[in-house]
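My plan is to pick a few spots, look each one up and jot down what turns up.

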Amino acid sequence: HNHSLLSSFPILLLSLSILFFFFHFILQILLQPHKPNPLILTGSMTLTQNQPTNPIPQTRNPKTQSSSSRSGMKLIVPLQGVVQGRSGFLLGISIPCALFYFLQLYLKRRRPNPNPSSPSSSSPTLLLTRSSSRSNLSSRGSISRVRLSRLATVLSKPDDSLYYLGLERVSQDPYDVFRNPNGIIQLGLSDNKLCFDLIEKWLVKNLEGSMMGNGDINLSINGIVPYQPHHGLNELKIALADFMRQVMGGSVEFDPSNMVLTSGATPAIEILSFCLADQGNAFLVPTPYYPGFDRDVRWRPEIDLIPVHCRSTDNFSLNITALEQAFSQARKRGVKVRGILISNPSNPVGNILTPDMLFSLLDFAEDKNIHIIADEVFAGSTYGSEEFVSIAEVLDSEYIDKSRVHIIYSLSKDLSIAGFRVGVIHSYNQAVLEAAKKMSRFSSISAPTQRLVTSMLSDKRFIQEYIETNRNRIRRVHDEFVDCLNKLGIKCAKSSAGMFCWADMTGLIKPYSEKGEQELWEKFINVAKINITPGSACHCIEPGWFRICFTTISFEEIPLVIERIRKVVESCKSSS
């Protein structure tokens, strides 16, 4: 009832005003004498000066009043206090308030239900009517919007990165050879679909036995239904360490005890960001770099990324001089640099860091007393002549401080199971591992997924066949796709790994600026109906470069994609 009274506060004020004037009028009538009194008239000036608001004659003799008049005056004395401003003010003002309150309560209780509904004859369900207080609350307007956190306010705004805008456009109009042949073809996401048939074949054959087992069912249920360690099952860590050794050439061993499993590489990078730096600190990142790093590192850890610009004249290869300059400029601005974030093989260029460069990076980190985060998720997706070398392989030297090196890996790329969300942090720093284990509770992998992936990785024959087939198919599609682009006049940077090519389209943009690059991207989306990633989304300092992911299509679909790209190329050449 307090809610109902408060909800009608404006009506209450209006009603009290009306009641006040009404009782004031009644008092004026009741308190006037029946016959004019000359004494009152002659002494009116004196009375007015002493008591300007008192209409009661001073010459009345209370002994001559009847009992009925005395009782009437007793009833209106509190109301007279309201008008005259004398005693009885509180009691006088409470009378109209109480009358209004009980009148409102009486009317609300007798008010019929505006939306009556009769219960079903077949289902005698009890209908609960909405209380009047809740009805008033729902109808009341809020003065202002309910507040959100600063982080939620920022993240709720629309994306401004063309990388994510392109992914959204594809989701609204995806290409399908049968259902939507005129839809947008996805070439902006590094998703490996070339070996889906191998994964499907293995799952059809082994899915049930992988999770439920072929022996005691109760024992298998106990392995997937109860809580499991957030940082991952030890069986999966052992199998994953062996898989990483195979895809990296068998020249390096990974210790399962140095692993923390996460639901993909994204939370792995975020957890390391929390562990290695504080809010407002920064990581150095060679450009162009994977657009997702901005979200992984900046969103929740609130760590800045300082670009280390690489040039096309060096095939966008990293050099120590650029690192030194970026580090010095950050210190001049008062920014504390806590680490270097690298992707090896590079995403989006596809080049591979040499052993000499890895040693130089370790020396640089040692000299500056900072960490190295090495994202090696494309280590097994090689197709060129260059051999991949993990940073773990160069750590065998005794003088190197291993505690500052942290490796990120996942099965989304090299094993084509991105939807399984299996990632790993491999670190030589025990304090980092202990902190990461505790933080992994927010990004743990489901127990059925871990059992299934453990069984898959333990199938040595399947894994060996998959690694060889995957590399051959990536190489075949890459060579054909890049050759077709060359025939259109589009050159690509030299690469040896990854699921993409870094295409030079500077001759197609006009003007030569980020604006011209964006306009060309819009032509690919709207005219060619293909989504590719512009270099500006990867923080490339030179406009006109685009990342094109070729593993999202089959070898047979290459002519269709090339024909769509041809439309844009010809339209740009004709307009120029």
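Before anything else, a word I'll need: two residues are in contact when they have heavy atoms within 4.5 Å of each other. I'm also noting that this is a predicted model.

**Entry 1: serine 346**

I started with a single residue. Serine 346 sits in the loop between strand E5 (337-343) and H16. Is serine 346 buried or exposed? I looked up its relative accessible area and got 9%. Buried means under 20%, so serine 346 counts as buried. Then I checked what it touches, leaving aside its neighbours within four places in sequence: serine 346 is in contact with Asn351 and Phe500.

**Entry 2: H15 and H16**

The axes of helix H15 (residues 320-332) and helix H16 (residues 355-368) come within 11 Å, crossing at roughly 25°. Angles under 35 degrees count as roughly parallel, so that is what I wrote down for H15 and H16. Which residues make the contact? On the H15 side I found Ile320, Leu323, Glu324 and Phe327. H16 brings Met357, Ser360, Leu361, Phe364 and Lys368. I also noted that H15 passes H16 in a right-handed crossing.

**Entry 3: H12**

Next I went to helix H12, residues 234-247. Its 14 residues reach 20 Å from the first C-alpha to the last, close to the 20 Å expected at 1.5 Å a residue. I listed its buried residues, among them Leu236, Leu240, Phe243, Met244 and Val247. Lys237 and Asp242 are on the buried list too. What covers the buried residues of H12? The cover includes strands E2 (259-262), E7 (405-410) and E8 (423-427), along with helices H18 (447-458) and H19 (460-487). Just after H12, I spotted glycine 249 with a positive phi of about 90°.

**Entry 4: a four-stranded sheet**

Last stop was an open sheet of four strands, in the order E9-E10-E13-E12, with antiparallel pairing. Strand E9 (491-492) and strand E12 (533-534) are the edge strands, each pairing on one side only. How many bridges join E10 to E13? I got five, between residues 500-504 of E10 and residues 545-549 of E13, with the strands running antiparallel. One pairing I wrote out: cysteine 501 has isoleucine 548 in E13 as its bridge partner. Helix H20 (residues 514-528) lies across E12 and E13, and it runs at about 30° to E13.

Methods. Residues are numbered from 1 along each chain as its sequence is written. This is a predicted model: local features need pLDDT of at least 70, side-chain atom pairs count only at pLDDT 80 or more; totals for chains, interfaces and linings use all residues. Side-chain values use heavy atoms; hydrogens and water are left out. Helices (H or I, at least four residues) and strands (E, at least two) are DSSP runs, numbered from the N terminus. The expected span of a helix is 1.5 Å times one less than its number of residues. Buried means under 20% relative accessible area, exposed over 50%, partly exposed in between (1.4 Å probe, protein chains only). Two strands pair if DSSP finds at least two bridges between them. Axes are lines fitted to C-alpha atoms, for helices over the stretch in contact, and angles run from 0 to 180 degrees between N-to-C directions. Angles under 35 degrees count as roughly parallel, over 145 as roughly antiparallel, 65 to 115 as roughly perpendicular and the rest as oblique. A crossing is left-handed if the near helix is turned anticlockwise from the far one by less than a right angle, and right-handed if clockwise.
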